[in-house]
Structure formats: C-alpha cells, structure tokens
Amino acid sequence: GDIWRGTWQKDNPNLFKTFLDLIKDTEGILLILPPYREIIDPQKDDPENYISRQQWIRRFNRWIDFFKNDCPRVRHLLLCLNKVDICCVDYQAEAKLLKYKPSGQIKNWQEKHEYVYYRYFRPFHDQIQDLNSSIHGLAVRCFITTIHSRELLELPWIYLGSHLAQDRL
C-alpha cells in the first residue's frame, strides 16, 4: 500500500522505478479491492469505515489508467472484491457455487467470471469493458474473496496459476 503514496515514491525513487520496470513485464496481476460503503452490512461492520461508491469508482479509474499506461504486457488481470463476508451476501453459499473442483465443476472459469461480474461489479462494467478493450490480449476476470472462505480465497490464485502455466507452454 505504501508504494502508492506520493511521499513514499518521492522518498524512494529508485525502488519505485524498479517496481515500474518490473510491472512492465508482468503478465498476471491480482488486484484486491476493498468493498465500498453502500454494500456493507451495517450489522457486520460500520459502513463509515469504507469509501463511498463514487470514491471507489474514482480510485478504480486511477487503477485503469495505471494498467493502461504502465502494464503493457499484462494478459491476466484479476479483480477481487475482498471482504465479501461483511457485504450483504451469503458468502458461504457463494463459495459452494464458485469453488474450484477439478472433477465436475459447477461452473467453468468463464461462467464464474460472468456470475461475479454481473452480480458484484455492475457499477463498474463500463470501466472494466474499457480496460478489456484497451490492452491487446488482456483478459479481465472478476472474483470475490474473504479470509473466511478458503474456496473463495484460492480461486483467483488457481485461475492465475493455471493460465500463466498454459501461457508458458
């Protein structure tokens, strides 16, 4: 998190340049995003501890600019809405539906992405479509995660690992 602060970048210009040089060759990125205020269940956490949907969209737009300008080789971008356990959702039911099961998957990777994309990333469809079309060969995939569900937490890592391994073959 500190690497994105202007003061850190100013105090550590060589480290920041090294990071930017490294990210230019990265093919897979996992971006873990906190939930925004409007989807927090007030019985599980205080919504005031989170940024608003509008603030979230502005921050997400900065990420899009970063990916477009600084990540030309990225092919797999995984957007993970984290802390779904404090959102208005039954994360355990979602984990059963989305979990990875090598034999007899309930949903394939594309179906999992579409389910999460349409259910949880609806306010950001325009930005995600813009990002998907702006970098040649990019596949943006959406996931939900929480530390309280191993099934949800491991999904993006399994997806990324299997696709990067295939890309190397």
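Predicted model: local features only at pLDDT ≥ 70, side-chain atom pairs only at ≥ 80, totals over all residues.
Biologist: In what order do the elements of the protein chain run from the N terminus on?
Modeller: Helices (H or I, at least four residues) and strands (E, at least two) are DSSP runs, numbered from the N terminus. The protein chain has seven helices and three strands. Read from the N terminus on, they go α-α-β-α-β-α-α-α-β-α.

Biologist: And what is the radius of gyration of the protein chain?
Modeller: We take it over C-alpha atoms and hold it against the globule rule, 2.2 Å times the number of residues to the power 0.38. For 169 residues that rule gives 15 Å, and the chain's value is close to it, so the chain is as compact as a globular protein of that length. Along the principal axes, the C-alpha atoms fill a box of roughly 45 × 45 × 25 Å. The radius of gyration itself is 17 Å.

Biologist: What is the order of the strands in the open sheet?
Modeller: Two strands pair if DSSP finds at least two bridges between them. S1 and S2 pair in the parallel sense over six bridges, and six bridges also join S2 (residues 76–81) to S3, again parallel. S1 (28–33) and S3 are at the edges with a single partner strand each, so one side of each has no neighbour in the sheet. The order is S1-S2-S3.

Biologist: Is strand S3 largely enclosed or left open, and how many of its six residues are buried?
Modeller: On one side Ala 139, Arg 141 and Phe 143 are buried, and on the other so are Val 140, Cys 142 and Ile 144, which covers both faces. S3 (residues 139–144) is largely enclosed by the rest of the structure, because its buried residues number six of six.

Biologist: Which helix lies across S1 and S2?
Modeller: Angles here run from 0 to 180 degrees between N-to-C directions, and axes are lines fitted to C-alpha atoms, for helices over the stretch in contact. The helix you want spans residues 53–70 and runs at about 170° to S1. That is H3.

Biologist: At roughly what angle do the axes of H3 and H6 cross?
Modeller: These axes come within 10 Å. H3 is roughly parallel to H6, where under 35 degrees counts as roughly parallel, over 145 as roughly antiparallel, 65 to 115 as roughly perpendicular and the rest as oblique. The crossing angle is roughly 0°.

Biologist: How many nonpolar residues are in the contact of H3 with H6?
Modeller: Contact means heavy atoms within 4.5 Å, and Ile 57, Phe 60 and Ile 64 of H3 are among the residues involved, as are Ile 128 and Leu 131 of H6. Ala, Val, Leu, Ile, Met, Phe, Trp, Tyr, Cys and Pro count as nonpolar, Asp, Glu, Lys and Arg as charged, and the others, Gly among them, as polar. Three residues of this contact are polar and two charged, and the nonpolar ones number six.

Biologist: Within what distance do the axes of H4 and H5 come?
Modeller: H4 (residues 91–98) and H5 (residues 109–120) cross at roughly 150°. That makes H4 roughly antiparallel to H5. Their axes come within 11 Å.

Biologist: What is the relative accessible area of Thr 146?
Modeller: Thr 146 is in the loop between S3 and helix H7 (150–168). Beyond four places away in sequence, Thr 146 touches residues including Asn 82, Tyr 91 and Leu 152. Thr 146 is buried, at 0%.

Conventions
Residues numbered from 1 in each chain as written. Heavy atoms only, no water. Buried < 20%, exposed > 50% of the residue type's maximum accessible area, 1.4 Å probe, protein only.
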